[in-house]
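Dear colleague,

Please find below the structure that I am passing on to you. My findings on one of its helices follow after it.

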Amino acid sequence: MNEHSERTYEVRTHGCQMNVHDSERLAGLLEGAGYRRAPKGEQADVVVFNTCAVRENADNKLYGNLGQLAPKKAARPGMQIAVGGCLAQKDRDTIVRRAPWVDVVFGTHNIGSLPTLLERARVQQEAQVEILESLERFPSTLPTRRESAYAAWVSISVGCNNTCTFCIVPALRGKEKDRRPGDILAEIEALVAEGVIEITLLGQNVNAYGSDIGDREAFSKLLRACGAIEGLERVRFTSPHPRDFTDDVIAAMAETPNVMPQLHMPLQSGSDTILKAMRRSYRQERYLGIIEKVRAAMPHAAISTDIIVGFPGETEEDFEQTLHVVREARFANAFTFQYSKRPGTPAAEMDGQVPKAVVQERYDRLIALQEEISWEENIKQVGRTVEVLVAEGEGRKDDQTARLSGRAPDNRLVHFAPPATGPAPRPGDTATVTISYAAPHHLLAEAPAAGVRRTRAGDAWERRNTTPPAQPGVMLGMPSIGAPAPTPAPASASGCGCD
Ligand code: SF4
């Protein structure tokens, strides 16, 4: 035990999945240094903000939150506040100028320094600001406190070599750095040994994976290698980029049974003119060509997307092109965003900013069309029998309805009735259910589940919930065990800074 053994922490996460996963690492680092997670409702000794620079007004929100903490800190000697993530990387020492009660500011490239910086701030009684320009070491070598016992994110790369004009990510996360395949597979094997049965490979642009290690087919090879891992039942990935989405990836998806029939493919705009202005190097024809090939190889795949409405210069005709792609592609769902200026991006300086009322009107039309398509596509699922991986915290009304919730292989959300006899499945177990009703954003299986499979993941979930948290240890890159907390919902499916 060290002197911090009784100190508690809280990590507040904003932004994309990349941040959510980084927060798992921050939690792992703090636990490795002897801190323990603050019980719900209790003020933590150390509050860490993992920030996002992508959202409009992100800085105002951060300073508002920091302002609320100032009196709490004044009343609690020894309390520390740290700010990390993309906004910290961008604003640097502005943060301690505007909020001098902040103890530590760290960037996206040195999250591993957090415990040291907290200690230094405590000893020196002075704020520590440390921002590196490039990655210190690959974050996956840091201890990680996974939020889920049955599903895990695994980083395959950080940074991005693209230069989309609406996106701040390349400036803040740097050039793409790929992790070695052997390290990725070793981490997945270790997770599977702990009971995890679903992994999501994570990167800003996953299928550019390999450009840094000189192998253009590295991503499809990685998918196939995941297929050979005994006990790994579900493999997903986010996000690909249409530019790098090659046929070998489609073949690997279709031919590897544990790679799920699901694809999140950011479109952003259906207009070639706007795609060019966004500096997205594919065009409508290529995008639709990919969708066609994916559908031919995996007829049941659910395809989702990200779309930005009202990018500078977008005309009614451009917007019609987006609607055209939406009609053709028949997305299972779409994360839709109204364009807003993000300081520091080229698009923020562009002429032709579209008036808010016009953006809103287009946005409403897009939502109406997509809702209709999502619903029609979900109706096609009625009568199908699917195996649902039971989830924790997915069904907000489960308590009232006595239902359980989880994800079908294609990632559709399914609420279902538990089996008529026998124990209810635990999170991480699977249930075989027949879809009887469809809504635009979820499916229902009203008859009792026909079959429950108790899995190693369900056992792992049960262990987590019945055994006291493990003592902190140094397990580099390995998951540590402890009571789970709900995973913050990602702001965007893409992790692409597009939200
Ligand atoms: S939107 Fe995605 S692909 Fe484009 S620069 Fe940002 S992170 Fe890279």
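This is a predicted model: local features need pLDDT of at least 70, side-chain atom pairs count only at pLDDT 80 or more; totals for chains, interfaces and linings use all residues.

Residues are numbered from 1 along each chain as its sequence is written.

Helix α12 covers residues 316–329; helices (H or I, at least four residues) and strands (E, at least two) are DSSP runs, numbered from the N terminus. Its 14 residues reach 20 Å from first C-alpha to last, close to the 20 Å expected at 1.5 Å a residue (1.5 Å times one less than the number of residues).

Which residues of α12 are buried? They are D318, F319, T322, V326 and A329, where buried means 20 or more other C-beta atoms, placed from the backbone, within 10 Å of the residue's own, and exposed means 12 or fewer. Seen down the axis of α12, these buried residues fall within an arc of 100 degrees (taken from the directions from the helix axis to the C-beta atoms), so they line one face of the helix. The face turned away from that buried side carries the exposed residues E316 and E317.

Helix α13 (residues 356–379) packs with α12 at an angle of about 10 degrees, on a scale from 0 to 180 degrees between N-to-C directions of axes fitted to C-alpha atoms over the stretch in contact. The two helices are therefore roughly parallel (angles under 35 degrees).

After α12 comes R330, whose phi is positive, near 50 degrees.

Notes: Angles under 35 degrees count as roughly parallel, over 145 as roughly antiparallel, 65 to 115 as roughly perpendicular and the rest as oblique.
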